[in-house]
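Welcome! Please take a moment to look over the sequence and the 3D view before reading on.

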Amino acid sequence: MSYRSALLLFLGLCSSQLASAQALDLGFNALGFFDNREYKGYANRSRTYSGTRFAFDLGLHLDSNNRFVAGLNGLHEFGARPFFGKIDPVMYYQYTGQRWQFNAGAFPREGLVSDFPRALLNDTLRYFRPNVEGLLARYQHGRFTTTVFIDWMSRQTATDREQFLFGSSGGLAPGDDGVIFGKYFVYMFHDAGAAVLRPDDRLSDNGAAQFRIGLDLSRKQHFLDSLSLEAGGMFSFERTRGLGGWRTPKGFVASAYLAYRRFALFDEFYQGEGHNLIHGDRYFSQRFYNRLDVIFTPFLFRGIKGQFIFSFHQSPQGAGSNQQAFRITYDLGRRTLLRLRPDL
């Protein structure tokens, strides 16, 4: 079944349930991006990403906890033909309770699994893979939050590989009067062969984890709007079955973020063994890496945020690598189109 046919079928099922629905709402958001990367020593990675994404969907609320959502997320890279190089369907069920949230289907990753460090999941996923296709569960109680998900990236056919990524993130937020918080991120990428195996084909597992402890000092000083420090450990676990055991490189990670009005600095540091993560930032394959982001936010209005980000990279390959990016986002939020009495 094509994406278009599946979407029409889903909307037809939704319309048949309107008699028991409480509300029908609309969501819309957009992303425009220009990201120029000049990486010394990595000529194949020095490229420019530029384009725009838009996403809209309709949500059918069955009650205060349950809803179905269907829509589209389209990508246009500037200068590309045809205009929309890729359209991803948005189609999922969501349960939202006092402590639990559950998603099943194809749903946006933003706000759910978009907090993973770049070392584990590269930030280009935001441009080219906006949805999670699978399942997600989130539990929150007091200061503690944990999220578990599985994302199917390729279904096995005679020629296509079986690939999925599953992981978890969460941690402990600072208390009302406290400054200490904790975070964790862990995932595994499973890459199996196609149904018709090639003689040299191998099954591989590729994953990583970070555990961090941080200090939120934003309330302890009066000059900066935000100030936070984090430090912890990172390790990865990689193997190609039939070609040896697990490889488990390790290292130290630290970061600092400070903001004053529309300006901010974010510094990220790594020291340790090199990692070979398929979906991670390749700079972390080096034994040393430091990245400094200088951030300016000139556009900050209701639902609109535009940022210039100038990044400076240091690694054993040298200190001349840099990056210039501009991103603007617009989020309409949820707008109710129709309200119905539950007894109609």
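Predicted model: local features only at pLDDT ≥ 70, side-chain atom pairs only at ≥ 80, totals over all residues.

Residues are numbered from 1 along each chain as its sequence is written, and side-chain values use heavy atoms, with hydrogens and water left out.

Let's begin with strand β3, which spans residues 66-77. Strands here are DSSP runs of E with at least two residues, numbered from the N terminus. Nine of the twelve residues in β3 are buried, meaning under 20% relative accessible area with a 1.4 Å probe, counting protein chains only. A hairpin of four residues leads from β2 into β3. β2 (residues 48-61) pairs with β3 in the antiparallel sense over eleven bridges; two strands pair if DSSP finds at least two bridges between them.

Now for the largest nonpolar core, which has 27 residues. Such a core is a set of buried Ala, Val, Leu, Ile, Met, Phe, Trp, Tyr and Cys residues joined through side-chain atoms within 4.5 Å. Which residues touch the most other members? They are F116, L120, Y187 and M234. β4 (86-96), β6 (131-141) and β9 (180-192) each supply at least two residues of this core, and the largest share, three residues, comes from β9.

Finally, look around M234. Beyond its neighbours within four places in sequence, M234 is in contact (heavy atoms within 4.5 Å) with residues including L120, P249, Y270 and F284.

Note on methods. Buried < 20%, exposed > 50% of the residue type's maximum accessible area, 1.4 Å probe, protein only.
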